[in-house]
Amino acid sequence: MEIRRDVFQAIADPTRREIMDLVAHRSLNLNSIAEHFDVSRQAVSLHIKILTECGLLVIKQQGRERYCEAKFRQLHEVSDWIEKHRVLWDKRLDRMDSLLNELQSKGKKRNRLNKNK
Amino acid sequence: MEKQITVTRVFNAPVELVWKTWTDPELVKRWWGPDMFTCPTAKIDFRVGGKSIVSMKGPEAFDGGKEHFSIWSYREIIPLKKIEFIQNLADAEGNKMNPVALGMPPDFPEDVRTLVTFKEIEKGKTEMTVTEFADMGQMAKFAQMGLDQSIAKMDAIFVS
């Protein structure tokens with residue numbers, strides 16, 4: 001199977017989400033990121049590699065250090081997807097709402113007719 | 001953590017009537033299809049283990065007016081309280097289809113667990129909540145992210 005590299009995969013893993021949280025406000029080098037985790041530095045490197053391949057992290061060389069910088073723009077793919085589905089359901093509920101109103105006003109009319117008999 | 005999409009609405013209608021919009025095929029047809037779509041088919045087999053077939057049909061100009069079928073396989077029904085079912089894309093006979101074969105993106109989840117709950121908040125007022133979960137595929141993975149908090153948080157960061 002082809003290995004997917006997209007934002008959905010990037011945030012599928014809790015460690016990767018935590019890395020994103022860490023670098024959200026300030027760029028950090030690999031060591032500072034690795035310190036936060038119990039897993040090996042290699043494992044953290046792999047997560048960072050995946051995040052860069054998914055476009056959520058950019059690595060910038062500063063002197064001898066390499067810093068990870070967060071790029072949140074890609075995450076809009078996720079919120080867009082969710083938003084689309086939410087809108088779909090919202091519209092269904094709108095239709096349900098007008099249907100229920102219609103059914104009830106019909107019901108009331110019928111009741112009135114029955115009462116008049 | 002796998003919660004994915006939740007919508008809640010309060011209807012000015014008694015819970016019995018709101019419930020019926022899911023169980024009466026003629027009523028299902030009135031709300032299931034997206035805008036500009038109709039729902040020509042609603043074969044409702046409303047019982048645990050039962051399988052309903054619903055469809056959406058787009059305008060001629062959209063895709064030749066093709067009818068797209070889904071099935072709802074009921075897992076749990078608690079009258080006037082809860083309906084739980086699995087949504088799958090299907091053919092006209094209600095046989096489950098692979099979403100990719102139907103032209104959906106590979107992210108499209110094959111099984112979408114759907115939970116509908118009903119609560120009478122006062123007489124003639126019903127709160128209904130629909131939650132969709134994706135149990136398979138890429139979507140399931142991303143759904144684990146604790147969506148509401150993370151997205152809000154990350155969006156806030158992005159905007160600032």
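**Figure 1. Chain B of the predicted model, seen through its burial and its order of elements**. Of the 160 residues in chain B, 26% are buried. The secondary structure of this chain comes to five helices and seven strands, and, read from the N terminus on, its elements follow the order β-α-α-β-β-α-β-β-β-β-α-α. Among the contacts in chain B with a separation of 6 or more, 44% are made by residues 24 or more positions apart.

**Figure 2. The largest nonpolar core and the parts of chain A that supply it**. This core has 18 residues, and those with the most contacts inside it are Val7(A), Leu51(A), Leu56(A) and Leu57(A). At least two residues of the core come from each of α1 (7-10), α2 (14-23), α4 (41-53) and β3 (65-70) of chain A. Apart from this core lies another, of 13 residues, which includes Ile53(B), Phe69(B), Trp72(B) and Ala90(B). In soluble globular proteins, nonpolar side chains tend to be buried together.

**Figure 3. The surroundings of Leu56(A)**. When its neighbours within four places in sequence are left aside, Leu56(A) is in contact with Val7(A), Ala10(A), Met20(A), Leu51(A), Ala70(A), Lys71(A) and Gln74(A).

**Figure 4. The packing of α2(A) and α4(A)**. These two helices pack at an angle of about 75°, with their axes 10 Å apart, and because angles of 65 to 115 degrees count as roughly perpendicular, α2(A) is described as roughly perpendicular to α4(A). In this contact, Thr15(A), Arg16(A) and Ile19(A) of α2(A) meet His47(A), Ile48(A), Ile50(A) and Leu51(A) of α4(A), and the residues involved divide into four nonpolar, two polar and one charged.

Conventions: Residues numbered from 1 in each chain as written. Chains lettered and ligands numbered in written order. Predicted model: local features only at pLDDT ≥ 70, side-chain atom pairs only at ≥ 80, totals over all residues. Core = buried A, V, L, I, M, F, W, Y, C linked by C-beta atoms within 7 Å. Buried ≥ 20, exposed ≤ 12 C-beta atoms within 10 Å, placed from the backbone. Helix = DSSP H or I, 4+ residues; strand = E, 2+ residues; numbered from the N terminus. Contact = placed C-beta atoms within 7 Å. Axes fitted to C-alpha atoms, helices over the stretch in contact; angles between N-to-C directions. Parallel < 35°, antiparallel > 145°, perpendicular 65-115°, else oblique. Nonpolar A, V, L, I, M, F, W, Y, C, P; charged D, E, K, R; others polar.
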